[in-house]
Amino acid sequence: MALEITEVGVEFDTAEGLIASKIASLPTLTREYLKKAACVGTTFDDRLIAHLIRDPSIPHFSLAAKKRLLHFDTASSSWKFAHDLIHGVAYNLIPETQRDTAHYNVGRELWRKLDLEELDRYIFVVVEQRAAN
């Protein structure tokens, strides 16, 4: 089931609804980046995500972190969704009919843009994206 975010103020009575409302309060581009990140998984690093988005990710993900949707793990130098439920809500914002295409596009972009060293590091991410569709 794909979740829809509307500009209309709606009261949410579920955890998913509250998370969706937090995500809805973010700028459109930040929401799009969260959806791409959700395709990758619950954890992703700046090097990987930089191949999928045009703008620097840090301001967008820092804004999501201020809303407690993400946090940055300095030990692994990676971003993580603050909870699996948050990851699930971000992923469910992608309409079901578009999820295969979203995974295909993520896998294709990574395959095209990663150099050999990076491809060796992220091969499982690329394969998972291709297998997801």
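These notes go through the predicted model point by point, from the overall fold to single residues.

1. Basis of the notes. The model is predicted: local features need pLDDT of at least 70, side-chain atom pairs count only at pLDDT 80 or more, and totals for chains, interfaces and linings use all residues. Residues are numbered from 1 along each chain as its sequence is written, and side-chain values use heavy atoms, with hydrogens and water left out.

2. Overall make-up. The protein has seven helices and three strands. Here helices (H or I, at least four residues) and strands (E, at least two) are DSSP runs, numbered from the N terminus. Their order from the N terminus is α-α-β-α-α-β-β-α-α-α. The protein has 133 residues, of which 39% count as buried. Buried means under 20% relative accessible area, exposed means over 50%, and partly exposed lies in between (1.4 Å probe, protein chains only). Among contacts between residues at least 6 apart in sequence, 62% join residues at least 24 apart. A contact means heavy atoms within 4.5 Å.

3. Helix α5 and its cover. Which residues of α5 are buried? They are Ile86, His87, Val89, Ala90 and Tyr91. The elements that cover them include α1, α2, β3 (78-81) and α6 (96-113).

4. Helix α1 against α5. Two packed helices are described by the angle between their axes and the distance between the axes. For α1 (residues 15-24) and α5 (residues 84-92), the axes come within 10 Å and cross at roughly 65°. Axes are lines fitted to C-alpha atoms, for helices over the stretch in contact, and angles run from 0 to 180 degrees between N-to-C directions. The two helices are therefore roughly perpendicular to each other. As for the terms, angles under 35 degrees count as roughly parallel, over 145 as roughly antiparallel, 65 to 115 as roughly perpendicular and the rest as oblique. The crossing of α1 and α5 is right-handed. A crossing is right-handed if the near helix is turned clockwise from the far one by less than a right angle, and left-handed if anticlockwise. On the α1 side, Ala15, Glu16, Ile19, Ala20 and Ile23 meet Leu85, Ile86, Val89 and Ala90 of α5. By class, the residues of this contact are eight nonpolar, no polar and one charged. Ala, Val, Leu, Ile, Met, Phe, Trp, Tyr, Cys and Pro count as nonpolar, Asp, Glu, Lys and Arg as charged, and the others, Gly among them, as polar.

5. Helix α2 against α5. The axes of α2 (residues 28-40) and α5 come within 8 Å and cross at roughly 115°. The crossing of α2 and α5 is left-handed. Leu34, Lys35, Ala38 and Cys39 of α2 meet His87, Ala90 and Tyr91 of α5. This contact of α2 with α5 has five nonpolar, one polar and one charged residues.

6. Helix α2 against α6. How do the axes of α2 and α6 cross, and at what angle? They come within 10 Å and cross at roughly 80°, so α2 and α6 are roughly perpendicular to each other. Lys36, Cys39 and Val40 of α2 meet Ala102, His103, Val106 and Glu109 of α6. The classes in the contact of α2 with α6 are four nonpolar, one polar and two charged.

7. Leu52. This residue is found in the loop between α3 (46-49) and α4 (57-66). Is Leu52 buried or exposed? Leu52 is buried, because its relative accessible area is 3%. Not counting residues up to four places away in sequence, Leu52 touches Lys36, Val40, Val106, Glu109 and Leu110. Leu52 and Arg108 are 56 residues apart in sequence, and their C-alpha atoms are 9.9 Å apart in space.

8. Aromatic rings. Ring pairs link Phe44, Phe61, Phe72, Trp79 and Phe81 into a cluster. Rings of Phe, Tyr and Trp (its six-membered ring) pair if their centres lie within 6.5 Å. By this rule the count is four aromatic pairs.

9. Positive phi angles. Arg68, in the loop between α4 and β2 (70-73), has a phi near 65°, a positive value in a residue other than glycine. Arg68 counts as exposed because its relative accessibility is 65%. Ser77, in the loop between β2 and β3, has a positive phi near 50°. At 42% relative accessibility, Ser77 counts as partly exposed.

Notes:
Rings of Phe, Tyr and Trp (its six-membered ring) pair if their centres lie within 6.5 Å; planes under 30 degrees apart count as stacked, over 60 as edge-to-face and the rest as tilted.
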